[in-house]
Amino acid sequence: MSAKLGEILVRENLITPQQLREALDYQRVNGGRLGSNLVKLGVISDDVITAVLSRQYGVPSINLDLFHIEPAIIKLISQEVALKYTVLPISRVGATLTLAMADPTNVFAMDDIKFMTELNVEPVIASEASIQMAIGKYYSGSTQIDIFDAAFSFAPEKGGLKNGNLKKNSKNGSRAVRIDERLVESDLAVSLDDFDLASHDSEEFEILEDNEEIDLATLTRASEDAPVVRLVNVLMVDSLRRGASDIHVEPYEKDFRIRFRIDGVLYDVMHPPMKLRDPLISRLKIMAKLDISEKRLPQDGRIKIKVKVDDRSRELDFRVSTLPTLFGEKVVLRLLDKDKLMLDMTKLGFEPESLEKFQRAIANPYGMVLVTGPTGSGKTNTLYSALQSLNQPETNIMTAEDPVEFNLQGINQVQMKEQIGLNFAASLRSFLRQDPNIILVGEIRDFETAEIAIKAALTGHLVLSTLHTNDAPSTISRLVNMGIEPFLVATSINLIQAQRLIRRICSECKEETHVPVEGLIEIGFSKEEAKKLKLYKGRGCETCLNTGFKGRVGLYEVMEVTDELRELIIIGASAIELRRKAIELGMITLRGSGLCKLREGITTIEEVVKETVA
């Protein structure tokens, strides 16, 4: 391999013939592989050699820094064998072992390992230095810890962290990470005073301009420094403690801001020093198994953690999205907490008559049910609740989602992958050959998806899906504008539901408030009702972090497509005419649903007015 590698590097003008001769002379005296000797002499980098070998032999290359290898996989090969051949087992799928190798042409190594493990060997290329470092890390019993692996756990108590310590779990052998409790304060800010930032030279994390070379090794090391790791740990623990749904990490020209979205509203949490910007974002990207060298394109990934709360372990997923902005990458982490997924439809906030209509529509053996609303309005929760109520052993339920947010037992869920052509339309076509009873399509975005979904609804399948429209009647116009014939829309759709989420008044500090009768009449109450109505607000307390609100509830506009509405759709009636007729037939509008929540003392006028129109 040595001579061949040298020839390739010279041929590609990556090294000169003189440099190759010097490396070969060095090799004769000191031994070792040609590639590692070229790196030692400073002629070329490990990454370049790995890329060249990957192209030459058609074997994928990997970055071992981005992998966490399970102990059971490491045990397949002894440390002596790993050192002898400079290899490392990465993963096992069935009878195939993926093996990181510095020399993918070493058939003796592959044969030996195949014989020892009785597994087929699939090689991938990694640099010699990274394999040697990984061997030291995994075989030496190193106590390096990644708190965010699903194998590890931390245990906040009801009021925060348990003495700031995380103990070693004797059952699963997971180690603990010490987190300073002083970093998590009781209000909406997190203090950075206790970070040992003085030990970090401001030059170490200088901002890279677009035309400067990115030193990945330095960036990776910086992302693993104690203050950065500790800050990320605190962010994740604190977001869970406060009930946040999203963490926003936002770089600006002279500021670095972190915000939590709690009950649909964003709150400023902290402004870390600018020198922590790149290391912190890199840390999040490494944990989500994203490419830290790619800063020009958006990326998506996931972080899975295991949390022990009240002596009960819970697995949490963070969905990670990065987006290049003018002054760096903005990172948003969406917390997917399965314990917060409300699958009981009676507790979502439906009015009784609206819930009855929705349940009647999803009980039909065929037809389409559409749920509409903006991002973050609870559409996924509603659809998952519907599927859970329909999930029976005799029913085949198939979903096409982008992304799959929660795994539901007994339901066949498919993750969309646009880059390989697996989109909603392609999935729907395949579903129809899989003998489904119920199909969920994550979103109808184009004519092709809408056409296949409607044909499925007309041929004996119940189809559930979502659209982005402002209210239920305008969904009809949207489908017609996509190119679907009005008679197909009229005959296929059973029900359309628009929804929003509004904040609940905190039950701990709820108190009566006075609102002028004129204001109540203006938002839709009758004069008689306005005079007698009692309204409430939250005073603000520790439970609700002084916001006056705790939790959210849904507003629902449920339009059942009756024969009268079908006739109007076929003749091309406008959304305004459809809305008027639906109200006449008993539809409760979003504003009407909001007024019901006010009568029940669940929310405030401001919340209702913010999300609905009269």
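Predicted model: local features only at pLDDT ≥ 70, side-chain atom pairs only at ≥ 80, totals over all residues.
β14 and β15 run parallel to each other, and four bridges join them. As a reminder to myself, strands of a sheet pair through backbone hydrogen bonds, either parallel or antiparallel.

Then I wanted the whole sheet. In what order do the seven strands come? I read the order as β15-β14-β16-β17-β13-β18-β21, in an open sheet with mixed pairing. β15 and β21 are the edge strands, each pairing on one side only. From one strand to the next, I get an average twist of 20°.

What packs on the sheet, touching β13, β14, β15, β16, β17, β18 and β21? I found helix α13, residues 379–390. Its direction makes about 170° with that of β17. Helix α14, residues 424–431, packs on the sheet too, touching β14, β15 and β16. For α14 I noted an angle of about 165° with the direction of β14.

Most residues other than glycine have a negative phi, and most peptide bonds are trans.

The peptide bond from D402 to P403 is cis, and its omega is near 0°.

T86 has a phi near 50°, a positive value although the residue is not glycine. I found T86 in the loop between α6 (79–85) and β1 (87–93). Is T86 buried or exposed? The relative accessibility of T86 is 5%, so I count T86 as buried, the cut-off being under 20%.

L545 also has a positive phi, near 55°, and is likewise not glycine. L545 sits in the loop between β20 (535–538) and β21 (549–560), and β21 is an edge strand of my sheet. With a relative accessible area of 24%, L545 is partly exposed.

Last, I stepped back to the whole chain. I count 23 helices and 21 strands. Of the 614 residues, 49% are buried. Among contacts with a separation of 6 or more, 63% come from residues 24 or more positions apart. The chain exposes about 30,200 Å², and carbon and sulfur atoms supply 49% of that area.

Note on methods
Residues numbered from 1 in each chain as written. Heavy atoms only, no water. Helix = DSSP H or I, 4+ residues; strand = E, 2+ residues; numbered from the N terminus. Buried < 20%, exposed > 50% of the residue type's maximum accessible area, 1.4 Å probe, protein only. Pairing = 2+ DSSP bridges. Axes fitted to C-alpha atoms, helices over the stretch in contact; angles between N-to-C directions. Contact = heavy atoms within 4.5 Å. Areas by Shrake-Rupley, 256 points an atom, 1.4 Å probe, with all protein chains shown as cover.
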